[in-house]
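User: Could you walk me through this one slowly? I'm new to reading structures.

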Amino acid sequence: MAPLTRCRSYGHVPQPHAALYYSQRASPGGLLIAEATGVSETAQGYPHSPGIWTDEQVQAWKPIVKAVHDKGAIFFVQIWHVGRVSNTAYQPHGQAPISSSDKRLCDKGLSPSGKELMDYSTPRRLETHEIPGIVKDFCLAARNARIAGFDGIEIHSAHGYLLDQFIKDSVNDRTDQYGGSMENRCRLTMEIVEGIAKEIGPERVGIRLSPFSSHLDVSDSQPEQLSVYLANALNKYNILYAHYLEPRVRRYMQHVQTSYSLQPARNAFKGAFLAAGNYNRENGNEAIASDRADLIVYGRLFLCNPDLPRRFALKAPLNDYVEATFYTQDPVVGYTDYPFLEETGYRMDS
């Protein structure tokens, strides 16, 4: 199950209803990756997205993790910093969001109440001497994740958020050791990988990457070279997995025809290779059978089908998702009310 932002952690603190949501989707041996979870007070840019930098948040995660483990599943949490995908209303003391540059995202996002749209604020370019503090925040979040009971963490280095804002050359115009060459632009991500691997062990670390995407207006001029560079650079740290987004997913909910492939990155990376992006049962099975990935990751299908593995096994019909409720704050509607197979009237002998 892919990490899916759900905006139901009121005050950035995980809530008891999340235990039902995740345990509904847990099954023996299944891997669930919890929604993107903030590493610090400055990491926020979505209403009621969870955090894991305070003791209150850590304690709130514990019963959620236990509920998943009680179902026999493996539970990782994705940790992130949104960077410029934010507004001063989310930031401590109303300060500017931080990024690799001062280039503003010319778009709108949800307000902290989740009820209005507001412009993203012009970010502040991180000073070189501040960057070790970002690494420290990610390492603290990883340590807290283990205290909460998670089996491991996934570093969110994709989809136009802070680490992607450093990696890709459409945004990163820095002239210090974190800008310019591909190696320099990937330096922050690799420092975070190294730090977290030392903190909790590389066998508990995964990473999410989207070198081909232009989500939130963050893109790269050499995406295929970037995809392979990242795979080779990550090999140094012996992490558990790399979770790549398919090139056909260019932006949120936008799929395109492309000649690009994840195969070169798949060939280069030595750990487990996860692929996500508009997969269904058939093309997911085909990707595994043809050795294009070790695991296929499902997002929207898992959101609306809590028993997705069982439905796949039975070749049973799937529920349809309701996009309008993806990011609402209701603790039930569009969250824990999608029906299980038995509730749909499906006959097991059909």
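**Strands and rings**

Analyst: Strand S1 (residues 31–38) and strand S2 run parallel and are joined by six bridges, where strands pair if DSSP finds at least two bridges between them, and strands (E, at least two residues) and helices (H or I, at least four) are DSSP runs numbered from the N terminus. This is a predicted model, in which local features need pLDDT of at least 70 and side-chain atom pairs count only at pLDDT 80 or more, while totals for chains, interfaces and linings use all residues. Residues are numbered from 1 along each chain as its sequence is written, and side-chain values use heavy atoms, leaving out hydrogens and water.

User: Which residue in S2 is opposite Leu 31?

Analyst: Leu 31 stands opposite Ile 74 in S2.

User: And how many residues of S2 are buried?

Analyst: Six of the seven residues in S2 (residues 74–80) are buried, meaning under 20% relative accessible area with a 1.4 Å probe, protein chains only.

User: What about S7, how many bridges join S2 to it?

Analyst: Four bridges join S2 to S7 (residues 152–157), and these strands run parallel; Ile 79 has Ile 155 as its bridge partner in S7.

User: New topic: how many aromatic pairs are there?

Analyst: The structure holds 15 aromatic pairs, counted when ring centres of Phe, Tyr and Trp (its six-membered ring) lie within 6.5 Å, with planes under 30 degrees apart called stacked, over 60 edge-to-face and the rest tilted. One of them is the stacked pair of Tyr 244 and Phe 273, at 5.0 Å centre to centre and 20 degrees between the planes.

User: Are those two buried or exposed?

Analyst: Both Tyr 244 and Phe 273 are buried.

Conventions:
Buried means under 20% relative accessible area, exposed over 50%, partly exposed in between (1.4 Å probe, protein chains only).
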